[in-house]
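Me: Please show me the structure, so that I may ask about it.

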Amino acid sequence: LAAYDVDKIRQDFPVLDQQVRGKPLVYLDNAATSQKPKQVIDSIVNYYENDNANIHRGVHTLSERATLSYENARKTVQQFLNAASEKEIVFTRGATEAINLVANGLAETIKQGDEILITAMEHHSNIVPWQMLCKKTGASLKVAPINEHGELMLEEFEALISNKTKFAAISHMSNALGTINPIKQLIDQLHQHDVPVLVDGAQAIPHISVDVQALDCEFYVFSGHKLYAPTGIGALYGKMEQLEQMAPYQGGGDMISVVTFDKTVYNKVPYKFEAGTPNIAGTIGLGAAIDYVNSIGVDEIAAHENALLNYAVVQAKRIDKLRVIGTAKEKGAIMSFVLDGIHPHDIGTMMDHQGIAVRAGHHCAMPVMDFFGVPATARASFAMYNTHQEVDALMAGIENLIEMFG
Ligand code: PMP
C-alpha cells in the first residue's frame, strides 16, 4: 500500500497554492466547505465545454451524454454509500434541502401528539425543518441532551423513545463539536420501537466510510461541498419503501409521468423528488469528487486527519488560555475552542491576518453554544490536504494573538 502522500494531494488543489495577507494560506475551515481538486474542476469544465444539454427528455447526442453522466454520478453515490439500488439516491441542493424534503414528505403521516426525536448537538438544518413539521402537524419535538464533553447522553436518549416517537433525526458527526455519535446503536434502539431514522451525514461523509445497508437507517443525507465537490449539490439516500410512500417535495417537470388539469401521476422514485432541471454540472462534479476520494481511501484520509487532530489537541494543552469545546472520546477532525478574554470573532479576524482560515461563530448550532455558555467558538477543521506544519502555524497564530491581546 502506498504511503499517504499529502504533498502530492496538495498539488491537486490549486486554491491552496496562494498567499493570504502575505502569508501562505492555511485553510482550516473545511467543516464549512472543503476545497476542490482539479479533477473535480476539470469534470465541470469538460461537461460545459463538450456535453452541456438538458437531461432525460432529449434524444440528441449531447442530451444522451449529459443524461448518462448524471445517472453515472447517481451510481457512484450509490456505491459510495453502499445503497441497495441507485434508485434510492435522490439528488438535492445539499443536506439542508434533503432534510426539508423528508420533513415535508412526512407531513401527511405525522399527527397531533406524535413526537419527533433529535439531539442537542444538531445543526440548525436538522432542527428547524422538524420544528416546522411539528408546527404544521401538532407533533412535538423531543431533544436528547448532551454531557459536558459534548457526547450524547445515551440513557436519556433511550428514555425519550416511546410509542409516541414517530421519527428521529440525528447527526452522524457534529459540526460544532466534532462528536461522532454511536449511530448504529442509536438506530437499533429506535428500530426496536419501529421508529424510522434520518441520519445527518453532512460532517461525517468526508471522514467516515458509510454503509447505509449496514446502518439500516431509513434516510441518510449529505452535501457535496464538504466532500470536495461543488456547492449546490448533495444527496438523500432513502430506503425504497420509504421513498415510495412519501409525498413529493416540489412539483414541476421531470417529477411527473402524466399531467392533466384534473390530476397528475407522479414519476417513479427517485425522479418523483427531482422536480425541474437539476444541477447537472454539480452532480457530475460530485461523482468526480467521490472518485477522487476513493482513489485515496476514506479510511486513509480519516487516519491522516485524526493524526492532525490529536497533534492539535496535544499542542493546545500547552496554551493555558485555550479551552477546547467538545472533548468527546469519539471525535472527528474538528477542534472548536475559545480563548480566555478574546472574543471568537476577534480570533477569526486576527488569524486571517496571519493567513489562517478558521471559522468563528455559532456554527449554526446556537443550542450547543448555549449549553457550553459561550456566545461562539473558533473552529479549526481538518481535511485530507492539511499538514502538521499547518497545525504548527495554527498554534503559533494563537500564541501571537494571546500575546497581542496581552
Ligand atoms: N448538518 C451539519 C452537521 C452540517 O455541518 C451542515 C453544514 N454546516 C449541514 C447540516 C447543512 O449543510 P448544507 O448547508 O450544505 O445544506
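Me: Where is the place of histidine 56?
Reply: This is a predicted model, in which local features need pLDDT of at least 70, side-chain atom pairs count only at pLDDT 80 or more, and totals for chains, interfaces and linings use all residues. Residues are numbered from 1 along each chain as its sequence is written, and side-chain values use heavy atoms, with hydrogens and water left out. Helices (H or I, at least four residues) and strands (E, at least two) are DSSP runs numbered from the N terminus. On that numbering, the place of histidine 56 is in the loop between helix 2 (38-51) and helix 3.

Me: What is the phi of histidine 56?
Reply: Most residues other than glycine have a negative phi. Histidine 56 is not a glycine, yet its phi is positive, at about 70 degrees.

Me: Does histidine 363 count as buried or exposed?
Reply: Histidine 363 lies in the loop between strand 16 and helix 13 (366-372), and its phi is also positive, near 55 degrees. Buried means under 20% relative accessible area, exposed over 50%, and partly exposed in between (1.4 Å probe, protein chains only). With a relative accessible area of 7%, histidine 363 is therefore buried.

Me: Which residues are in contact with glutamate 71, leaving aside its neighbours within four places in sequence?
Reply: Glutamate 71 belongs to helix 3 (residues 61-81) and counts as buried because its relative accessibility is 16%. Contact means heavy atoms within 4.5 Å. Leaving aside neighbours within four places in sequence, the residues in contact with glutamate 71 are His56 and Tyr271.

Me: With which side chain does the side chain of glutamate 71 make a polar contact?
Reply: A polar contact is a pair of N or O atoms within 3.5 Å; within protein, one must be able to donate a hydrogen and the other to accept it, and residues adjacent in sequence count only if both atoms are side-chain atoms. At 2.7 Å, the partner of the glutamate 71 side chain is the side chain of arginine 74.

Me: Which residues are joined by a cis peptide bond?
Reply: Most peptide bonds are trans. Here omega is about 5 degrees in a cis bond, and its proline lies in the loop between strand 12 (264-266) and helix 10 (280-296). The residues joined are valine 269 and proline 270.

Me: Which residue of strand 14 is the bridge partner of arginine 323?
Reply: Strand 13 and strand 14 (residues 334-339) run antiparallel and are joined by four bridges. In strand 14, the bridge partner of arginine 323 is valine 338.

Me: How much of the accessible area of the ligand does the protein cover?
Reply: An oxygen atom of the ligand lies 2.6 Å from a polar side-chain atom of threonine 96, while a nitrogen atom of the ligand is 2.7 Å from an N or O atom in the side chain of lysine 226. Accessible areas come from the Shrake-Rupley method with a 1.4 Å probe; for residues, only the protein chains shown count as cover. Of the 390 Å² that the ligand has on its own, the protein covers 84%.

Notes:
Pairing = 2+ DSSP bridges.
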